Amino acid sequence: MSESSQIEIGANAADIARNRTVGAGVVDDPYPTYDELRKSGPVHEGSISAVFGIEGPESVAWSDRRQFACYDWETVDQVLRDAETFSSEWYQQSLGMAIGRSMIQMDGLEHRRYRALVQPSFTRREMETWQKRWVEPMVHEILDDLVERNDPVDLYAELCAKVPVFTIASSFGAAPEDVPRFHELAVTFAGASGTPQDRLRASQEIADYLTRVIEQRRSQPSDDLIGLLCEIEIEDPDDGTHHRLTDGEILAFARLMLPAGAGTTYRGLGLLLFALLETDQVDRVREDRSLLDRAIEEMLRWEQPLTSAGRLVMRDTELAGVSIPEGSVMHASLAAANHDPTRWENPHRFDLDRPSQPHSSFGLGPHLCVGMHLARMEMKATMNAILDRLPGLRLDSQARKPWITGLTFRMPTAVPVVFDR
Ligand code: HEM
């Protein structure tokens with residue numbers, strides 16, 4: 001079953017329960033609540049999910065600790081840039097439980113060292129190669145099939161869901177026949193379907209697969225991502241020594257790429273399509289492709305796929321006048337920061353003509369998303385292919401009207417479309 005159909009209200013009880021945890025089908029418009037909270041100050045005690053009466057994934061981690069959350073640009077910016085007070089060790093009890101220790105969970109020197117090792121593989125320039133080699137051929141192959149089928153299509157399930165996982169799988173050097181299985185495992189692993197046990201099993205199967213790929217690349221170099229990670233030798237920014245990544249380090253990073261890079265980009269693509277279709281601006285962008293970068297950034301500000309980042313408080317501190325004791329948890333609401341009316345006029349509106357300024361959707365500070373050039377490239381290349389190949393693209397008026405839903409993650413319920421053949 002596709003993830004989008006699981007979001008539909010009326011799916012089976014287990015699916016509804018799972019989707020409820022990320023707020024899908026439960027919270028459709030969290031922004032008025034953020035506005036209300038901000039009125040009485042940007043920092044409040046309690047997790048973000050608790051405000052909406054659900055037990056979201058971010059409230060389950062470190063649940064024995066006092067939880068706080070911040071809801072405006074200034075405090076979110078302050079929390080994410082001050083890693084000495086607000087530590088990413090928070091991830092130990094969330095993502096770390098499924099993938100083990102990886103750089104998203106590290107701080108300071110250790111984090112800088114790991115990040116410096118992988119960052120050169122994700123530059124804008126590298127992504128041009130990925131685009132030509134993996135993304136464009138795959139997107140056109142999927143579109144060939146959709147155009148030929150001559151029936152209504154849910155682009156969210158049939159295109160958006162496939163692009164990011166297929167891209168990551170290709171960059172790992174997965175054989176084409178292994179990609180569909182990889183996709184299945186990634187969806188389970190990233191928590192879109194299945195029980196915690198299913199997730200652990202999927203995580204282990206991915207680890208076994210990647211371990212075999214790493215072994216092969218060590219004996220026979222290759223220019224895919226795993227091959228490059230095996231070869232890279234880089235100077236440590238702090239002590240000047242040279243390192244190669246160990247198998248364990250490559251594995252930890254590769255496994256982090258799936259939850260960090262697949263679910264987020266998949267939802268982002270769906271949100272981008274939804275925003276342009278719903279506001280009747282597809283043709284405007286089709287005719288003036290220079291608007292596409294702006295559309296992507298405005299979508300990310302308006303409906304960020306991932307809406308918060310957690311941190312563990314390392315010392316007694318004060319944030320916007322609220323005392324926060326050492327050992328507490330602080331949730332930085334990226335979504336509320338992106339809708340702070342002191343920074344953006346009419347923040348709840350998707351406005352292609354808005355003057356551009358940085359948003360928080362890829363995070364802020366030392367953990368700024370390593371994959372942001374990859375995500376932007378995937379969304380742009382996919383959207384360009386859609387605009388080239390699907391004339392007259394519009395929402396299917398015969399299908400159930402889609403909407404955006406979710407709290408921890410934001411996503412469209414579906415993107416049902418028709419186009420001129
Ligand atoms: C639209 C798509 C994406 C969104 C909205 C997004 C969002 C984010 C955010 C908010 C963070 C910071 C988390 C924090 O500070 O706690 C982050 C970090 C990260 N993202 Fe992304 N991401 C996206 C795509 C990707 C892709 C495609 C990759 C693939 C490589 C990726 C890999 C990572 C990694 C490895 C980190 C950790 C960086 C570090 O610890 O220094 N992301 N992302």
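The model is predicted: local features need pLDDT of at least 70, side-chain atom pairs count only at pLDDT 80 or more, and totals for chains, interfaces and linings use all residues. Residues are numbered from 1 along each chain as its sequence is written, and side-chain values use heavy atoms, with hydrogens and water left out. Helices (H or I, at least four residues) and strands (E, at least two) are DSSP runs, numbered from the N terminus.

**Ligand shell**

- The ligand is surrounded by 28 residues. A residue is near a molecule or strand if one of its heavy atoms lies within 4 Å of it.
- The closest are Tyr91, His111, Arg311, His367 and Cys369.
- A polar contact is a pair of N or O atoms within 3.5 Å; within protein, one must be able to donate a hydrogen and the other to accept it, and residues adjacent in sequence count only if both atoms are side-chain atoms.
- Tyr91 places a side-chain N or O atom 2.6 Å from an oxygen atom of the ligand.
- Arg311 has a polar side-chain atom 2.7 Å from an oxygen atom of the ligand.
- Ala260 uses its backbone: an N or O atom there lies 3.3 Å from a nitrogen atom of the ligand.
- Two or more shell residues come from each of helix 8 (108-118), helix 15 (247-278), strand 7 (308-313) and helix 19 (372-389).
- Helix 15 gives the largest share, seven residues.
- By class, the shell has 18 nonpolar, eight polar and two charged residues. Ala, Val, Leu, Ile, Met, Phe, Trp, Tyr, Cys and Pro count as nonpolar, Asp, Glu, Lys and Arg as charged, and the others, Gly among them, as polar.

**Second largest pocket**

- The second largest pocket holds about 380 Å³ of space.
- On a 1 Å grid over the protein atoms alone, a pocket is an open set of points where a 1.4 Å probe fits, with protein on both sides within 12 Å along at least five of seven lines; lining residues have an atom within 4 Å of a point.
- Grid points are joined across faces, edges and corners, and a volume is the space filled by probe spheres set on the points.
- The lining has 13 residues, and Arg124, Asp293, Arg376, Met377 and Lys380 are the closest to the pocket centre.
- Helix 9 (124-149), helix 17 (291-302) and helix 19 each supply at least two lining residues.
- Helix 19 gives the most, with six residues.
- The lining divides into four nonpolar, three polar and six charged residues.

**Aromatic pairs**

- Rings of Phe, Tyr and Trp (its six-membered ring) pair if their centres lie within 6.5 Å; planes under 30 degrees apart count as stacked, over 60 as edge-to-face and the rest as tilted.
- The count comes to twelve aromatic pairs.
- Tyr31 and Tyr34 pair edge-to-face, at 5.9 Å centre to centre with 70° between the planes.
- Both lie in helix 3 (residues 31-39), three residues apart, about one turn of the helix.
- Tyr31 is buried at 4% relative accessibility. Buried means under 20% relative accessible area, exposed over 50%, and partly exposed in between (1.4 Å probe, protein chains only).
- Tyr34 is also buried, at 1%.
- Tyr34 pairs edge-to-face with Phe52 too, at 6.0 Å centre to centre and 80° between the planes.
- This second pair links distant parts of the chain: Tyr34 sits in helix 3, and Phe52 in the loop between helix 4 (48-51) and helix 5 (57-60), 18 residues apart.
- Ring pairs link Tyr31, Tyr34, Phe52 and Tyr71 into a cluster.
- Tyr31 also joins Glu303 through a side-chain polar contact of 2.7 Å.
- Glu303 lies in the loop between helix 17 and strand 7, and is buried at 5% relative accessibility.

**Loop residues**

- Asp280 has phi near 55°, a positive value in a residue other than glycine. Its place is the loop between helix 15 and helix 16 (282-287), where Asp280 is exposed at 70% relative accessible area.
- Ala320 also has a positive phi, near 45°. Ala320 lies in the loop between strand 8 (317-319) and strand 9 (322-324) and is partly exposed at 47%.
- Pro347, in the loop between helix 18 (334-337) and helix 19, is buried at 9%.
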